[in-house]
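I want to jot down what I look up here, starting with charged pairs and ending with a sheet.

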Amino acid sequence: MRILLLVTAFNGLSQRVWCALREAGHEVGVLLATNGREIVDGVHAAAPDLIICPFLKDRVPAQVWQRWRTIIIHPGPVGDRGPSSLDWAISDGVPNWGVTALQAVEELDAGPIWASRTFPMPATPPRKSALYTGPVSDAALECVFEVVAKAEDPAFAGVPVANTPTIAPGARPRPLMRQADRAFDWAEPAETILRRIRAADGSPGVLTEVGGLAAYAYDAHPGLARGGRPGTILSRRQGAVLVATGDGSLWIGHLRPDTEDGIKLPATTVLGSRLRGLPDSPAGPEGDPETATAYRQVRYRRAGAVGWLHFDFYNGAMAPGHSRRLLAGLRHAVAQDTRVLVLRGGTEAFSNGIHLNTIEAATDPSGAAWAGIRAINEVCREIVTCTRQLVVAAYAGSAGAGGVMLGLGADIVAARDGIVLNPYYDMGLFGSELHTFTLPRRVGADLAQRLIDDKLPVSASQAARLGLVDEVGPRHPEAYAQWLVGLADHHSDVRTARKRRAAKARRLAAERIPLEVYETRELAEMSRDIYTDRSGFAAARRGFVRKIRPQGTPRQLMFTPNAGPAAAARPRHTNAGPGAERRPTIRPAVPVSA
């Protein structure tokens with residue numbers, strides 16, 4: 001079928017649907033909902049057989065839904081209506097929730113139902129973003145394929161909402177959740193506050209007061225301390241602050257000042273001098289049950305011959321401090337007498353590269369960007385050059401730009417099914433992370449260039465077919481974790497591990513061009529992007545951080561031949577808009593080593 005995705009933004013769910021439908025053989029295009037007239041004109045130009053809206057905050061114009069069957073993917077079960085479905089579900093602690101596919105009509109969320117799914121809610125209050133990228137995304141994809149199958153029948157009509165029973169408790173029409181509905185007092189129990197904040201993460205946050213500053217709170221985690229006066233900041237650690245509650249404490253990782261130009265940043269960055277004299281909180285030794293839930297962004301543990309280094313940075317963004325912590329963890333792990341090292345990122349995001357918010361907020365954005373890329377490059381170098389262990393990069397969550405490239409130097413890349421990779425650089429940056437060394441060695445020089453130029457998402461299964469990843473594990477996070485243990489144990493065999501490490505050492509020694517040359521070339525290009533803004537990095541970064549809507553749909557997302565990145569060479573997309581310099585090729589100067 002010729003299917004058009006009408007979306008407010010090409011977010012993670014939209015990308016997953018786009019990949020899955022194309023892999024199923026459909027012709028898929030994307031139209032960003034910029035304004036009513038452009039939506040109507042765009043749909044007319046696309047002439048689709050079916051319109052699906054995986055992520056749409058705007059009303060579909062009547063000229064569209066009256067002529068084309070248009071299906072809305074709503075993140076709530078049958079009977080639920082309103083723009084804050086997940087917020088209410090988390091805040092109310094409902095036991096089950098769901099996703100509904102319904103046909104667009106004049107009244108929002110009131111059209112005939114084409115498909116629905118339900119799922120149990122986690123016992124621990126989930127972050128809204130985690131719920132969305134996990135159970136909601138899985139249920140939505142199932143609904144999408146049911147919709148497509150039913151749409152093959154031109155006479156099919158959905159079931160009226162009035163004729164469909166409500167299955168999930170709490171499913172009913174609800175208004176937009178406002179800050180008055182989210183408000184809490186620090187004297188309330190920690191679990192209540194945790195639920196309120198996580199119901200608003202990552203947007204819009206909960207307005208509160210921290211350290212005397214009015215700010216929106218995000219990224220909350222249970223703390224261990226007790227007995228402090230509610231609302232008092234007790235300590236700090238790795239960008240987060242520990243705030244006393246009525247019966248305990250919570251770590252608050254990120255804040256956004258309640259100002260017109262406020263940017264979401266690590267809490268310690270936002271509070272700044274207000275924290276003068278506040279002690280750093282020690283994490284305690286690894287494995288100590290008293291500190292097992294201490295706030296840590298990087299954790300290491302050992303299980304026999306396998307070392308496990310787990311890192312989880314908020315939204316996958318890495319400022320220099322994050323990279324330094326990960327580098328320290330890597331060097332500690334490499335120094336151990338293990339045979340396999342598993343480098344596992346978070347379930348929501350493996351990594352998305354340098355931290356654009358901290359760069360935008362810096363007094364010297366260019367200097368901050370340069371420091372960020374230099375720091376993450378050190379991590380990449382440690383992975384590429386590790387020959388003491390066989391390194392497994394475990395992509396439990398999706399990744400983008402430099403975050404994809406971060407783990408490509410590992411011996412084995414193991415992705416979780418259902419994640420999406422964006423193996424290219426945008427934002428007007430050439431990119432670094434040693435990608436000109438690692439990417440061609442995985443997929444070949446020609447395909448590496450196409451991936452960079454085409455700027456299209458790739459599913460885990462497609463990435464495996466391309467050679468971008470080596471293994472794809474189960475979708476469910478717990479099943480993936482168990483599968484990963486089996487994978488690591490398999491490769492920890494003494495003879496197998498020794499042979500692979502020795503082969504890697506020989507390959508690195510045989511390289512005719514030192515690794516430093518690749519990095520130097522990348523940084524030379526990046527310096528022009530960062531310091532002379534040759535490709536519009538400043539404007540692109542500002543648009544991303546400030547959530548400025550794009551003016552139109554990128555050309556590469558419009559209807560194209562359905563062959564994906566592995567297709568024959570197509571016209572190249574430049575790294576920026578008209579007038580920008582052409583992106584230099586990443587083809588190596590000498591043949592790629594076997």
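I count a salt bridge when a side-chain nitrogen of Lys or Arg sits within 4 Å of a carboxyl oxygen of Asp or Glu. One thing to keep in mind: I'm working from a predicted model.

**Entry 1: Arg127 and Asp201.** With that cut-off, I looked up Arg127 and found that it forms a salt bridge with Asp201, the closest N and O atoms being 3.7 Å apart. Where do the two sit? Arg127 is in the loop between S6 and H5, while Asp201 is in the loop between helix H7 (190-198) and strand S7 (206-210), so this pair ties together parts that are 74 residues apart in sequence. Next I checked accessibility, where under 20% means buried. Arg127 comes out buried at 13%, and Asp201 is buried too, at 0%.

**Entry 2: Asp529 and Arg534.** Here I noted another salt bridge, between the side chains of Asp529 and Arg534, at 2.5 Å from N to O. Buried or exposed? Asp529 has 0% relative accessibility and counts as buried. Arg534 has 16% and counts as buried as well.

**Entry 3: a network.** I then followed salt bridges that share partners, and these join Arg117, Glu142, Glu146 and Lys150 into one network. Within it I picked out Arg117 and Glu142, whose closest N and O atoms are 2.8 Å apart. Arg117 belongs to strand S6 (residues 113-120) and Glu142 to helix H5 (residues 128-151), so the pair ties together parts 25 residues apart in sequence. On accessibility, I have Arg117 as partly exposed at 25%, and Glu142 as partly exposed at 44%.

How many salt bridges does the structure hold? I wrote down 29.

**Entry 4: a sheet.** Time for some strands. I found an open sheet of four strands, in the order S16-S18-S20-S21, with mixed pairing. Which strands stand at the edges? They are S16 (349-351) and S21 (458-459); each has a single partner strand, so one side of each is left without a neighbour in the sheet. A reminder to myself: strands of a sheet pair through backbone hydrogen bonds, either parallel or antiparallel.

I looked at one pairing in more detail. Strand S18 (residues 398-400) and strand S20 (residues 420-422) run parallel and are joined by two bridges.

Key:
Residues numbered from 1 in each chain as written. Predicted model: local features only at pLDDT ≥ 70, side-chain atom pairs only at ≥ 80, totals over all residues. Heavy atoms only, no water. Pairing = 2+ DSSP bridges. Buried < 20%, exposed > 50% of the residue type's maximum accessible area, 1.4 Å probe, protein only.
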